[in-house]
Amino acid sequence: MNSTRRAPLLAPSFLAADLANLQAETERLANSAADWLHFDVMDGRFVPNISFGLPVLQAVARYAKQPIDVHLMIEEPQNYLAAFRDAGASSITVHYEACPHLHRVVQQIKQLGLRAGVALNPATPVSLLEDIAADLDVVLVMSVNPGFGGQAFIPNTLKKVAMLKELLLDTGSDALIEVDGGVNMSNVGPLVEAGADVLVAGNFVFSAPEGPVATLAAMRDHLAGLELSLSPSRAQ
Ligand SMILES: O=C(CO)[C@H](O)[C@H](O)COP(=O)(O)O
């Protein structure tokens, strides 16, 4: 791992944005260090919370300059893939735990022309992805139990990301590793060193007194200053 790769991608999570001012939130992120906009959909069934869905995505997409990374924390996500694409999604991530026919769902996402991701809950081992890894564009490692923002980062995630990195190499997969939950300035460095390519952050970015634009810039500077030894970049 001596060659250089592009800087890890930053994906602020709208779950922690000011939901009464989504146009303003989206517009102020337009010229920030955000690479993707992370959009968390919760159905009150797969997770014990309800967030927002298709009409809100459509509204955000009108003002978004970055790709919108949709994370479906819902049951039966296969029923809504085309609708989320039409509403503005650039990528769709479904949960391993919500998809008995995961291979079919991943193919459906790709046939819609979108980046296809699979998310793993904290208790779901990465080894379960062995037979699908080569088909994936993104693996999202949940570093909190999904359903709520503002939770504490689960430290075992670092080991899990490193194991996932190995599995992706072993299976010839070029999937990006995305980490979501409790991400902040103190864990982004270790996460990237372990293999993370995309860092989702909600409360740390939107609740910071400096505001999201300055906080994302500080995260970018922090990562650039770590002088990490990184493998070649794969995708934006
Ligand atoms: O998927 C999520 C929760 O299920 C959120 O994206 C995640 O929790 C980010 O929020 P925070 O950075 O505040 O933990």
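Strands, like helices, are DSSP runs numbered from the N terminus (E, at least two residues, for strands; H or I, at least four, for helices), and two strands pair if DSSP finds at least two bridges between them.

The model is predicted: local features need pLDDT of at least 70 and side-chain atom pairs count only at pLDDT 80 or more, while totals for chains, interfaces and linings use all residues. Residues are numbered from 1 along each chain as its sequence is written.

- β2 and β3 run parallel and are joined by six bridges, with Met42 standing opposite Met73 in β3. Between these two strands the chain passes through helix α2 (residues 54-61), and this β-α-β crossover is right-handed; that term applies if, with the strands pointing away from the viewer, the path from the first strand over the helix to the second runs clockwise.
- β3 is also joined to strand β4 (residues 91-95), in parallel, by four bridges. Leu72 has Val94 in β4 as its bridge partner.
- Five bridges connect β4 with β5, and the two run parallel; the bridge partner of His95 in β5 is Ala119. The crossover from β4 to β5 goes through helix α4 (residues 102-111) and is right-handed.
- Ala119 in turn stands opposite Leu140 in β6.

**Covered strands**

- Six of the six residues of β3 are buried, a residue being buried if 20 or more other C-beta atoms lie within 10 Å of its own, exposed if 12 or fewer, and partly exposed in between, with C-beta atoms placed from the backbone.
- Which residues cover the two faces of β3? Ile68, Val70 and Leu72 are buried on one side, and Asp69, His71 and Met73 are buried on the other.
- Strand β5 (residues 115-120) is mostly covered, with five of its six residues buried.

**Surroundings of the ligand**

- The ligand is surrounded by 23 residues, of which Ser13, Pro146, Gly149, Gly202 and Asn203 are the closest; a residue is counted as near a molecule if its C-beta atom, placed from the backbone, lies within 6 Å of it.
- β2 (37-42), β3 (68-73), β8 (198-201) and α7 (203-206) each supply at least two residues of this shell.
- By residue class, the shell holds 10 nonpolar, 11 polar and two charged residues. Here Ala, Val, Leu, Ile, Met, Phe, Trp, Tyr, Cys and Pro count as nonpolar, Asp, Glu, Lys and Arg as charged, and the others, Gly among them, as polar.

**Positions annotated in UniProt**

- An unreviewed UniProt entry places the feature "active site" at Asp40 and Asp180. They span 141 residues in sequence, yet no two of their C-alpha atoms are more than 10.5 Å apart, so they gather at one spot. UniProt positions follow the numbering used here, feature names are shortened, and annotations may be inferred rather than shown by experiment.
- Asp40 is found in strand β2 and is buried, because 25 other C-beta atoms lie within 10 Å. Leaving aside residues up to four places away in sequence, Asp40 touches Ser13, Phe14, Leu15, Ser51, His71 and Met73; contact requires C-beta atoms, placed from the backbone, within 7 Å.
- Asp180 lies in strand β7 (residues 176-180) and counts as buried, because it has 27 C-beta neighbours inside 10 Å. Beyond residues up to four places away in sequence, its contacts are His71, Leu140, Met142, Ser143 and Val200.
- The unreviewed entry also gives a "binding site" feature, at positions including Ser13, His71, Phe148 and Asp180. Phe148 is found in the loop between β6 (138-142) and α5 (157-171). Is Phe148 buried or partly exposed? Phe148 counts as partly exposed, because it has 16 C-beta neighbours inside 10 Å.

**Leu10 and its contacts**

- Leu10 is found in strand β1 (residues 9-12) and counts as buried, with 25 C-beta neighbours inside 10 Å.
- Leu10 and Leu216 are 206 residues apart along the chain, and their C-alpha atoms are separated by 7.6 Å.
- Not counting residues up to four places away in sequence, Leu10 touches Ala33, Ala34, Asp35, Leu199, Leu216, Met219 and Arg220.

Note on methods
Contact = placed C-beta atoms within 7 Å.
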